[in-house]
Amino acid sequence: MSLFEIVILAMGGAWAGGINLYATLAILGILGASGQLALPTAMDIVEHPAVIVIAIIFYVIEFIADKIPAVDSVWDGIHTFIRIPAGALMAAGLLGDISPEAQAMAFVGGGGLATISHSMKAGTRAILNTSPEPFTNIAASLGEDVLVIVGLATALLSPAVFAAFLALFLILAIWIVPKIFRGIRKVFRFIFGKSDNGNDRAQSHEQTLSASEQLEDESFVGEAKKLGHRKD
């Protein structure tokens, strides 16, 4: 593989890892173990049968969890601390045979790409979770799986095409990520605003009841005083 092809594969692995880490590890591991892809020495662990099996098991778990509203957002939240560093390490490992400087640059670039792809996935799914029906979640999850597989295949077979796709993806990310975060803020404002309104209504109701009880007590005391005066 040429340097350009290795760099594109490293960035492709980081990008895909930010969306579906376990599918990415399983694909690279299977290709490396079967001899269809020559992985650098730093990535030998990915070819280990135990690592491949574990990656497949976690992929199956994610495949199910990713299609359940709310569960997928919790899963994505936890994997913020897994996908991003794993994407950075994967990119650095794929450039392991080049030079320490290339590894360092790949680590930073791969971490950035994994952060962007993970943020787009997690943010989009958080917004989709506001829909009561499950079909959009299922369709989005399946689309992400297909995107990862096709993306990695393109990075391996047509690096130039994947480089063009990655450039378009970054341009799209610059435009859409701020909109996603604004959408998430609106969702949280709606949820917590609704909760605050409910609390305000409950407090208002309690205050009304308290005022009514106070009026009743005052009325009762007044009537008692009147009766006392009549007896005198």
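Reader: How many salt bridges does a search of the whole structure find?
Author: This is a predicted model. Side chains of opposite charge can pair when their charged atoms come close. The cut-off here is a Lys or Arg side-chain nitrogen within 4 Å of an Asp or Glu carboxyl oxygen. A search of the whole structure gives a count of seven.

Reader: Which residue forms a salt bridge with arginine 83?
Author: Arginine 83 sits in helix α4, and its partner sits in helix α3, 21 residues apart. Both residues are buried. The closest N and O atoms are 3.2 Å apart, and the partner is glutamate 62.

Reader: Is lysine 121 buried or exposed?
Author: Lysine 121 meets aspartate 66 in a salt bridge, at 3.1 Å from N to O. Lysine 121 is in helix α5 and aspartate 66 in the loop between α3 and α4, so the pair ties together parts 55 residues apart in sequence. Buried means under 20% relative accessible area. Lysine 121 has 4%, so the word for lysine 121 is buried.

Reader: Which residues are linked with Asp66 and Lys121 in a network of salt bridges?
Author: Aspartate 72 forms a salt bridge with arginine 125, with the closest N and O atoms 3.3 Å apart. Aspartate 72 lies in helix α4 and arginine 125 in helix α5, so this pair ties together parts 53 residues apart in sequence. Both residues are buried. The network links Asp66 and Lys121 with Asp72, Arg125 and Glu144.

Reader: Which element gives the most to the largest nonpolar core?
Author: The core has 37 residues, and Met11, Trp15 and Leu94 touch the most other members. Elements giving two or more residues include α1, α2 and α4. Leaving aside neighbours within four places in sequence, methionine 11 contacts Ala91, Ala106, Gly109, Gly110, Leu113 and Leu166. With nine residues, the top contributor to this core is α1.

Reader: Which helix gives the most to the nonpolar patch?
Author: The nonpolar surface patch covers about 830 Å², and its residues include Val60, Phe63 and Phe135. Valine 60 is partly exposed, at 41% relative accessible area, and lies in helix α3. The most, four residues, comes from α3.

Reader: Which element has the lowest mean pLDDT?
Author: The chain averages a pLDDT of 84, and 79% of the residues score at least 70. Among the elements, α3 has the highest mean, 96. The lowest mean, 68, belongs to α7.

How values were computed:
Residues numbered from 1 in each chain as written. Predicted model: local features only at pLDDT ≥ 70, side-chain atom pairs only at ≥ 80, totals over all residues. Heavy atoms only, no water. Patch = residues over 30% accessible without salt bridge, like charges linked within 9 Å, V, L, I, M, F, W, Y side chains within 5 Å. Areas by Shrake-Rupley, 256 points an atom, 1.4 Å probe, with all protein chains shown as cover. Buried < 20%, exposed > 50% of the residue type's maximum accessible area, 1.4 Å probe, protein only. Core = buried A, V, L, I, M, F, W, Y, C linked by side-chain atoms within 4.5 Å. Contact = heavy atoms within 4.5 Å. pLDDT = per-residue confidence, 0-100.
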